[in-house]
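Biologist: I'm new to this one. Could you walk me through it, a question at a time?

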Amino acid sequence: MQPVELARKLVKEMDSHKSAGVARVYVPNEYTVYLSGKDRTRLEGYERSLEQELSGYLLEHARRRSYDLLTRPTVSFQTDERLRLGEFGIQARMVKPPAHEGEPAQQGEEGHTMVYSALRENQVAEAPPQRSQVATRAVVTVDDRRYVLDGERSTIGRSRDADCVLRDPNVSRHHAELRRSPRGEWTIADLGSTNGVKVNGRRVGSTRLKAGDQVTLGTTTFRFDIEQ
C-alpha cells in the first residue's frame with residue numbers, strides 16, 4: 001500500500017459522492033481510511049503528517065474541480081482486521097460544522113466502505129495492454145462493504161487468500177470464481193462448493209451476470225455490479 005494509491009482513491013471517492021445543489025456542487029469533507037493491522041503499523045511515525053498531506057491533496061482537487069466543501073477535508077486512519085495486507089477501505093461522508101460554538105458537528109449518513117486492493121491494481125497496471133479487451137471491474141456489495149475486483153479472475157470464498165472473503169461458515173474456502181471476458185462481460189462459476197451458487201434465487205453452475213443480480217453463496221447474498 002503506497003500513499004499515492006490512497007490519494008488516487010480518495011479523489012475518486014470525492015468525485016463519486018458529489019451532490020449537486022441549485023448553484024453549487026458539494027462533496028464530502030470527512031474521509032476515513034481503513035487499513036490492515038500490518039499496513040497501519042507501517043505508518044507509525046508519520047501517520048499524522050500523511051493525514052495532513054492527503055487533506056491538502058483533496059482540498060486542491062476540490063478547488064480545481066470547483067467543488068464546494070462545508071469545511072476543509074479531513075482524513076483519518078483506522079484499523080480493520082478484516083482487511084488483508086495491501087487492501088484498504090475508504091468511507092466518505094459530509095459533516096456539517098456546528099451552528100454554535102460548543103455544539104457537536106452534524107454527521108452525515110455513513111455510506112458504503114469501498115474496499116480496494118493496491119496489490120491487484122499494481123499487477124494490472126504492470127500487465128501489457130490488450131487492445132481487444134474492454135476494461136470493466138466487478139463490484140461485490142456485501143452489507144455495508146463493497147469489493148472492487150480488477151482481475152480477469154477473482155475468487156470468492158471463506159479463505160483469507162480469496163479475492164473477496166465472506167465470513168460465512170456455509171461458504172466453502174474457494175466457493176466461486178468471477179470471470180471477465182475480453183468484451184468486459186462477467187460470469188460466475190461454482191468451484192465445486194458444498195452449498196452451491198444461486199443467482200436471483202436460481203441454482204447455477206456457471207452463468208453470465210448483469211448489474212443488479214443478487215448472488216447467494218451459503219447463507220450470504222451479495223449484489224453484483226459492473227464498473228467501467
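Predicted model: local features only at pLDDT ≥ 70, side-chain atom pairs only at ≥ 80, totals over all residues.

Biologist: Which residues line the second largest pocket?

Modeller: That pocket has a volume of about 200 Å³. Its lining is made up of Arg 82, Val 142, Asp 143, Asp 144, Arg 145, Tyr 147, Val 165, Leu 166, Arg 167 and Thr 220.

Biologist: Now the largest nonpolar core: which element gives it the largest share?

Modeller: The core holds 24 residues, and Leu 178, Ile 188, Val 215, Leu 217 and Phe 222 touch the most other members. Elements giving two or more residues include β13, β14 and β19. The largest share, three residues, is from β9.

Biologist: How far apart are the end C-alpha atoms of helix α3?

Modeller: Helix α3 runs over residues 47-64, which makes 18 residues. At 1.5 Å a residue the helix should span 26 Å, so the model agrees with that expectation: the ends are 26 Å apart.

Biologist: And what covers the buried residues of α3?

Modeller: Quite a few α3 residues are buried, among them Leu 50, Leu 54, Leu 58 and His 61. In a helix, residues three or four places apart point the same way, because there are 3.6 residues a turn. The cover over the buried residues of α3 includes α1, β3, α2 and β4.

Conventions:
Residues numbered from 1 in each chain as written. Heavy atoms only, no water. Helix = DSSP H or I, 4+ residues; strand = E, 2+ residues; numbered from the N terminus. Expected span 1.5 Å × (residues − 1). Buried < 20%, exposed > 50% of the residue type's maximum accessible area, 1.4 Å probe, protein only. Contact = heavy atoms within 4.5 Å. 1 Å grid on protein atoms, 1.4 Å probe; cavity = no way out; pocket = protein on both sides within 12 Å on 5 of 7 lines; lining within 4 Å. Points joined across faces, edges and corners; volume = space filled by probe spheres on them. Core = buried A, V, L, I, M, F, W, Y, C linked by side-chain atoms within 4.5 Å.
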